[in-house]
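Thanks for coming, everyone. Let me walk you through one structure. Please have a look at it first.

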Amino acid sequence: MNQPDAGTRIALHRLMLLTRELDRVIGAADGHWHAALGEEAVIAGCYHGLREGDALAPHYRGMLQAACARGGDLARLLAGLDGRVTSYSRGRYRSDVCSPIELGIIGLYSGALGPTLEYAAGAALAARLDGKGAVAVAVFGDGTASRGNFHEALNLAAVLKLPVVYVCQNNQFAISTPSQREHGGRIVDRAAGFGMPGVEVDGNDVVAVHAAVQEAIARARRGEGPTLIDALTYRVGGHMASDPAAYRTDADVQAWKARDPIALHEARLLAEGLLDAAQLAVMSAEVAAEVDAAMRKAQSDPMPGPEDLGLDEVFAKA
Ligand SMILES: Cc1ncc(C[n+]2csc(CCOP(=O)(O)OP(=O)(O)O)c2C)c(N)n1
């Protein structure tokens, strides 16, 4: 495994902190919010370090972080949670399922899980025809891996040797259905059937996830085709903020909480001497303040009026 440099290891930590703070702030305000408690390492590991021109089809659980990692404005993204006019879409779609295309992000346009894997294959084909070395990265849940789209997308990607990386954000649940009732085998093992490498990675280790994704991206850029990565983690919270998740055992939840990805990485940063306890505390406070301020701004922004909701992006202007 190629160790990411010090700057990357710190940036990965910041993106995980952002994920946790978004869960704190949005989770308190919106019962429909799909929190990513326990899954921060997959999100940060996948979305940090893409190049300009790369296409990204994120899982919805991590969509805002993907947009932030690609340079999106946090206040405008949060304004998109309840349709404010200042949001990227001027209130037309929810920013936690769709991100602005100008950031190179493919959203869940229809709300259906699965098609984005095929869109990512299409983006990878376009990238290859463009000849500038760009790749596509698609992230999806274990439940989504049961959709036909998964099989069609990975088959096409393998046959055409497309520059695309597929990452399963495997939190072991699809709403209340546990993995063992979703799949007869391991998702990573399917890669062999398509004829592409399959890599299983500890989804609670942000460095391991990032290294695996970056290695697969480098392989794709060299023209060697797609990779399937299975990042094994656990959804510590409910499916959405209002879900008490009574279908799980407390023992499982506690065992995974003990492997909290942020605490694990923090301990490593301390042990490596990259940051000390005071610097870590400052970083946490900065990220919390940034999210609080962006949320305050977003919630005080105006709602769109009829003049903002025209059909100018549907019909050509005369
Ligand atoms: C095609 C399709 N079927 C069902 C749904 C309803 N749905 C929304 S979230 C979800 C769970 C998806 O599970 P998974 O892919 O594992 O992602 P997770 O929520 O665990 O992150 C389902 C079934 C949907 N959005 N699209």
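We start with a term: Ala, Val, Leu, Ile, Met, Phe, Trp, Tyr, Cys and Pro count as nonpolar, Asp, Glu, Lys and Arg as charged, and the others, Gly among them, as polar. Next, some ground rules. This is a predicted model, where local features need pLDDT of at least 70 and side-chain atom pairs count only at pLDDT 80 or more, while totals for chains, interfaces and linings use all residues. Residues are numbered from 1 along each chain as its sequence is written, and side-chain values use heavy atoms, with hydrogens and water left out.

Now the cavities. A cavity is a set of points, on a 1 Å grid over the protein atoms alone, where a 1.4 Å probe fits but cannot get out; lining residues have an atom within 4 Å of a point. Grid points are joined across faces, edges and corners, and the volume is the space filled by probe spheres set on the points.

How many cavities of 30 Å³ or more does the structure hold? There are 2. The largest cavity has about 60 Å³ of space. It is lined by 13 residues, and H59, L113, T116, V139 and F140 are the closest to its centre. Two elements each give two or more residues to this lining: α5, and β2 at 136-141. A word on those labels: helices (H or I, at least four residues) and strands (E, at least two) are DSSP runs, numbered from the N terminus. β2 gives the most to the lining of the largest cavity, with 3 residues. What about the classes? That lining has 8 nonpolar residues, 5 polar and no charged.

On to the second largest cavity. Its volume is about 40 Å³. Among the residues that line it are R76, L77, Y88, Y93 and C98. By class, this lining has 5 nonpolar, 4 polar and 1 charged residues.

Let's move to the surface. Accessible areas come from the Shrake-Rupley method with a 1.4 Å probe, and for residues only the protein chains shown count as cover. A patch takes residues with over 30% relative accessible area and no salt bridge; like charges are joined within 9 Å, and nonpolar side chains (Val, Leu, Ile, Met, Phe, Trp, Tyr) within 5 Å. Which residues form a nonpolar patch here? They are L125, L129, L156, V159 and L160, with about 460 Å² of accessible area together. Two elements give two or more residues to the patch: α5 (115-130) and α6 (148-159). Take V159, in helix α6. Is V159 buried or exposed? The cut-offs: buried means under 20% relative accessible area, exposed over 50%, partly exposed in between, with a 1.4 Å probe and protein chains only. V159 counts as exposed because its relative accessibility is 62%.

Next, salt bridges. A salt bridge is a side-chain nitrogen of Lys or Arg within 4 Å of a carboxyl oxygen of Asp or Glu. A search of the whole structure finds 18.

First up, E40 and R20. Their closest N and O atoms are 2.8 Å apart. E40 lies in helix α2 (residues 40-47) and R20 in helix α1 (residues 6-29), so the pair ties together parts that are 20 residues apart in sequence. E40 is buried, at a relative accessible area of 0%. R20 is partly exposed, at 25%.

Then R186 and D189. Their side chains meet in a salt bridge at 2.9 Å, N to O. R186 is partly exposed at 44% relative accessibility. D189 is partly exposed too, with 45%.

Now D301, in the segment after α11 (277-300). D301 meets K297 in a salt bridge, 3.0 Å from N to O. D301 counts as buried because its relative accessibility is 8%, while K297 is partly exposed at 42%. There is a network as well: salt bridges that share partners join R14, E286 and E290. Back to D301 for one more point.

Last, the backbone. R90 is not a glycine, yet R90 has a positive phi of about 50°. R90 is in the loop between α4 (74-79) and α5, and is partly exposed at 26% relative accessibility. I175 also has a positive phi, near 55°, and is a residue other than glycine. I175 is in the loop between β4 (173-174) and β5 (177-178).

Conventions. 1 Å grid on protein atoms, 1.4 Å probe; cavity = no way out; pocket = protein on both sides within 12 Å on 5 of 7 lines; lining within 4 Å.
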